[in-house]
Amino acid sequence: MEDNYSSAQLIFNVIKSVEYTVCNQTVVIPCFVNNVETKNITELYVRWKFKGENIFIFDGSQRMSKSSSNFSSAKITPPELLRGIASLKMDKSDAVSGNYTCEVTELSREGETIIELKYRVVSWFSPNENILIVIFPVLAILLFWGQFGIVSEYSTKNASGLGLIVLPTVILILLHYCVFMIAMGMSSITISILILQILGYVLSVVGFSLCVSECVPVHGPLLISGLGIIALAELLGLVYMKCVGNSKHKTQDFCSRMACAHSNGRQITVIL
């Protein structure tokens, strides 16, 4: 076939990186060629690579597309190639952070560009919203304590009200256990935090029982110490989840890259 096009290289829009988050269902890695001249898709050939390994190939002459096993959902939209759009689309489950290479060939002209895919952690709520979500319940509890303290004399009703504040804190221990099991499993640190929280609960219950048995309670510090230990355990749990959660994500991302780079090594071969 006579080559009617110039021999200059194909020119790409320079896109250094693109991000995806947990909210993405589909990940798109852009690849745009500015000077595609052909009007016939059979004259186009596209290859996507990740860390030097072929992950997707489109051969226009054979109207054939093929993706590797590690990126089974990878695809492009062939009709868009005539407009210079060779963007790769894949499911989020197949996406791996790292450098992707887009190679496009138009008869004797060819070119390539490299785009880095990054994973960005996004908060469920904004920082200000997180602060308010924490502050308002705490403020409500403090205000309730204030109302409770206004009624200064001992009564069975007041003792019952104090019990409704102290006894349900066991729910925090159960919730903490569930969060640890769901997020990262049990470890010596998480077990220690739970034991500390149980200790605080025992102290607060003992202090409560001693307080309600006296008309003028003298064991208030024991009750307050127990509640303070429970709060301390919650704080330690938050710090641990924050630190280990970030470290775990970085480790998983690194392992995913290594697994893809050292996978079974199956190459995509196209017979032209």
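Visitor: How much of residues 162–182 is helix, and how far apart are the end C-alpha atoms?
Guide: Residues 162–182 are 86% helix and 0% strand, with the end C-alpha atoms 32 Å apart. Helices (H or I, at least four residues) and strands (E, at least two) are DSSP runs, numbered from the N terminus. This is a predicted model, in which local features need pLDDT of at least 70 and side-chain atom pairs count only at pLDDT 80 or more, while totals for chains, interfaces and linings use all residues. Residues are numbered from 1 along each chain as its sequence is written, and side-chain values use heavy atoms, with hydrogens and water left out.

Visitor: And residues 189–210, what is the helix content there?
Guide: Residues 189–210 are 100% helix and 0% strand, and the end C-alpha atoms are 32 Å apart.

Visitor: Which residues does UniProt list as "transmembrane region"?
Guide: The unreviewed UniProt entry places that feature at residues 130–150, 162–182, 189–210 and 222–241. UniProt positions are given in the numbering used here, feature names are shortened, and annotations may be inferred rather than shown by experiment.

Visitor: Aromatics next. How many aromatic pairs are there?
Guide: The count is five aromatic pairs. Rings of Phe, Tyr and Trp (its six-membered ring) pair if their centres lie within 6.5 Å; planes under 30 degrees apart count as stacked, over 60 as edge-to-face and the rest as tilted.

Visitor: What about F50 and Y100, why is that pair called tilted?
Guide: The ring centres of F50 and Y100 are 4.6 Å apart and the planes stand at 40°, so the pair is tilted. F50 is in strand β3 (residues 44–50) and Y100 in strand β7 (residues 98–106), so this pair links distant parts of the chain, 50 residues apart.

Visitor: Are those two buried or exposed?
Guide: F50 is buried at a relative accessible area of 1%, and Y100 is buried at 0%. Buried means under 20% relative accessible area, exposed over 50%, partly exposed in between (1.4 Å probe, protein chains only).

Visitor: Which residues form the aromatic cluster with F50?
Guide: F71 and Y100 form one aromatic cluster with F50.

Visitor: And how are the rings of F180 and Y240 arranged?
Guide: The rings of F180 and Y240 have centres 6.4 Å apart and planes at 85°, so the pair is edge-to-face. F180 sits in helix α3 (residues 170–183) and Y240 in helix α5 (residues 220–261), distant parts of the chain 60 residues apart. Both F180 and Y240 are buried.

Visitor: Change of topic. How many salt bridges?
Guide: The structure holds six salt bridges. A salt bridge is a side-chain nitrogen of Lys or Arg within 4 Å of a carboxyl oxygen of Asp or Glu. One of them joins R120 and E19, at 2.8 Å from N to O.

Visitor: Where do R120 and E19 sit?
Guide: R120 is in the loop between β8 and α1 (127–150), and E19 is in strand β1, 101 residues apart. R120 is partly exposed at 40% relative accessibility, and E19 is partly exposed with a relative accessible area of 47%.

Visitor: What does K49 pair with?
Guide: K49 forms a salt bridge with E103, and the closest N and O atoms are 3.0 Å apart. K49 lies in strand β3 and E103 in strand β7, so the pair ties together parts 54 residues apart in sequence. E103 is buried, with a relative accessible area of 16%.

Visitor: And R83, which residue does its side chain meet?
Guide: R83 meets E80 in a salt bridge, 3.9 Å from N to O. R83 is exposed at a relative accessible area of 57%, whereas E80 is partly exposed at 22% relative accessibility.

Visitor: Which residues are joined into a network by shared partners?
Guide: Salt bridges that share partners join E37, E106 and R109 into one network.

Visitor: Last one, backbone. What is phi at K51?
Guide: K51 has a positive phi of about 55° although it is not a glycine. Most residues other than glycine have a negative phi. K51 lies in the loop between β3 and β4 (53–59) and is partly exposed, with a relative accessible area of 44%.

Visitor: And L107, where is that found?
Guide: L107 is in the loop between β7 and β8 (109–119). Its phi is near 55°, a positive value in a residue other than glycine, and L107 is partly exposed at a relative accessible area of 31%.
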